[in-house]
Amino acid sequence: MTDYGEEQRNELEAIESIYPDSFTVLSEEPTSFTITVTSDAGENDETVQVTLKFTYVEKYPDELPLWEIDSQENLEDSDTEDILTLLKQQAEENLGMVMIFTLVTAVQEKLNEIVDQMKSRREEETRRREREAEEAEKAFQGTVVTIENFLSWKAQFEQEMAELKRKKQKEEEQSGKNKLTGKQLFERDHNLDTSDIQFLEDGGNSVEVDESLFQDMDDLDLDEDDPDFDPLDLGSDED
């Protein structure tokens with residue numbers, strides 16, 4: 001018969017000797033304790049930390065202990081969720097054996113990974129800001145003209161102009177095909193050959209004379225039998 005109490009006491013003594021500064025007993029019935037786990041220092045001496053609380057159940061290690069995150073520093077919510085998932089996975093894999101040291105070691109490695117990820121995120125953020133600054137500077141200064149990009153632009157421009165010219169010529173050719181000559185218009189409309197004659201018949205021979213222009217002719221003393229009479233002299237007599 002397994003003496004669960006003996007196995008639990010032996011593990012507590014070992015845990016206390018391994019983590020003397022971070023191990024704290026909370027209660028004896030049931031046995032409950034905390035272990036504070038801190039990552040290795042990062043590039044700027046940054047660390048992350050978590051305090052794990054474990055509670056033995058009666059038949060531990062044949063049954064899983066209880067665990068929770070009592071406190072944490074510099075961790076995102078997603079990080080704490082990952083740690084809880086990791087604890088569950090490791091505990092199930094070590095069921096039947098004392099496992100607290102194994103669980104704490106797994107969490108320690110996870111915290112070191114998180115510190116490395118923080119470094120990577122910080123470096124990526126720095127690179128992103130540098131790219132944004134460079135793009136803003138380019139937008140302010142405009143594109144620097146080089147021989148290569150000028151020749152590339154020139155070739156593209158000439159190609160676009162040639163294409164426009166071909167389209168215009170095609171449109172003009174199509175328009176020329178649809179446009180009728182004067183002879184074709186005349187042959188299509190047979191009324192054109194009678195239009196001028198019809199105009200003369202309708203009113204082309206009718207001429208109106210303003211008789212008021214000649215009302216004062218009777219007042220003039222004209223001797224048409226006079227051999228010296230000249231109508232052009234009429235205006236000079238008035239002078």
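This is a predicted model: local features need pLDDT of at least 70, side-chain atom pairs count only at pLDDT 80 or more; totals for chains, interfaces and linings use all residues.
Is Tyr56 buried or exposed? Tyr56 counts as buried, at 4% relative accessibility.

**Entry: ring pairs overall.** I then listed the aromatic pairs and found 6 in the structure. Among them is the pair of Phe23 and Phe33, which is tilted, with 5.4 Å centre to centre and 45° between the planes.

**Entry: burial of the two Phe residues.** For Phe23 I noted a relative accessible area of 10%, so this residue is buried under the 20% cut-off. For Phe33 the value is 0%, and this residue is buried as well.

**Entry: Phe33 with Tyr56.** I next examined the rings of Phe33 and Tyr56, whose centres are 5.6 Å apart. Their planes stand at 70°, so I recorded the pair as edge-to-face. Tyr56 sits in the loop between β3 (49-55) and β4 (66-73), whereas Phe33 lies in strand β2. The pair therefore ties together parts that are 23 residues apart in sequence.

**Entry: cluster.** Finally, I traced how the ring pairs connect. They link Phe23, Phe33, Phe54, Tyr56 and Tyr60 into a cluster.

Methods. Residues are numbered from 1 along each chain as its sequence is written. Side-chain values use heavy atoms; hydrogens and water are left out. Rings of Phe, Tyr and Trp (its six-membered ring) pair if their centres lie within 6.5 Å; planes under 30 degrees apart count as stacked, over 60 as edge-to-face and the rest as tilted. Buried means under 20% relative accessible area, exposed over 50%, partly exposed in between (1.4 Å probe, protein chains only). Helices (H or I, at least four residues) and strands (E, at least two) are DSSP runs, numbered from the N terminus.
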